[in-house]
Amino acid sequence: EEVLKTVDKYENDNQPQITVAETDLDFGTIRFHEHYSRELLVANNCHLPVHFQFRSKDDSAGVCEEWIKISHLRGELITGNSLSIRIDIFIDERAASKIIRRLRDSSSGVKVPLDILVLHVENGRDIFITVFGEYQPSVFGLQLSTMMKLSKPLIEYTLKELVAIDDDVNNLLPYHKDARAPRELWLLTDYLYRNALMIPNIFTIQRKHRLSPRICAIRDWLDSWSTEPFPGTPQTAAEALLKVLEALPEPLVTIQERELSIYASYFERCREMVQNKMPLLNRKIFLYIIMFLKEVQSNYAVNGMDDRTIGEVFFLFSIIFQNFKTPINFS
């Protein structure tokens, strides 16, 4: 037994290893479109040089969730050296609905793991780092049916209440009476209708305002049903509208790419697709969006928004799934 203990101690002493200041990173409350950072200090206190890297938990996944960025994915530390690794979180429109699904079990208010990072030491032991956080839901990332059933500002709902609305598969909760679209979509399109129809290129492929800090103010304005003046500009309102559509858990138009390619070039087939292929709620909101875009297009001589530009922006970025590449005659 004494010999075995001596051998084990020898092997442990000669195994590359690093120490981590903390294995639980708590980001606190996290909100849509805001940046959060934490520092993770790693040090080499052994007498051997250490090579490390973050690796995926399984072959089918990446190193971390898409909303997490790691400043140093790999590196080398000699004896006595340390390194501060920055862990960033940013919930954008593509991640919003995914993190809401991840936090469904946190309706009690308890923080839950957002991800577990695996810090692998070459010829040594793996270190597991848990990233904690509590996401504050926003209209960005909600289902259309949930938005249509909100009877008060979103900030007044708990996550548990929002989950209950999501799970209302039997439609026991009523939709807004006579509403063509969720209040939040209406607020954005109404503002754009009154302030942006004459502005050149109000919607663009380049999305120059995608990271604008004004999006956070617009988020708060929408989530609170504020009666204060709109806190953004026509350009950021246009960007916010695209983000609400992009953040939907399921695209507004869910028809498959092959079918869409067949339908898209013919008006009658397009109408048949809308009438027979789309769920009632999706069809209602889709037609509302199209009516608004027709108003935008009717001012083409001033704003330069022709059919093809509008189609490319809305269909490729927001209404249809992200990777749709088939050419479409949008006119």
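Visitor: How many aromatic pairs does the structure hold?
Guide: This is a predicted model, in which local features need pLDDT of at least 70, side-chain atom pairs count only at pLDDT 80 or more, and totals for chains, interfaces and linings use all residues. Residues are numbered from 1 along each chain as its sequence is written, and side-chain values use heavy atoms, with hydrogens and water left out. Rings of Phe, Tyr and Trp (its six-membered ring) pair if their centres lie within 6.5 Å. The number of aromatic pairs is four.

Visitor: Is the pair of Phe 32 and Phe 140 stacked or edge-to-face?
Guide: Planes under 30 degrees apart count as stacked, over 60 as edge-to-face and the rest as tilted. The ring centres of Phe 32 and Phe 140 are 4.4 Å apart and their planes lie at 5°, so the pair is stacked.

Visitor: Is Phe 32 buried or exposed?
Guide: Buried means under 20% relative accessible area, exposed over 50% and partly exposed in between, with a 1.4 Å probe and protein chains only. Phe 140, at 0%, is buried. The relative accessibility of Phe 32 is 0%, so Phe 32 counts as buried.

Visitor: Which residue has its charged end over the ring of Phe 27?
Guide: A charge sits over a ring if NZ of Lys or CZ of Arg is within 6 Å of the ring centre and within 35 degrees of the ring normal. Arg 183 lies over the face of Trp 225, 4.3 Å from the ring centre. Over Phe 27, at 4.9 Å from the ring centre, sits the charged end of Arg 38.

Visitor: Which residues do ring pairs link into a cluster?
Guide: The pairing rule is again centres within 6.5 Å. The cluster linked by ring pairs consists of Tyr 191, Trp 221 and Phe 230.
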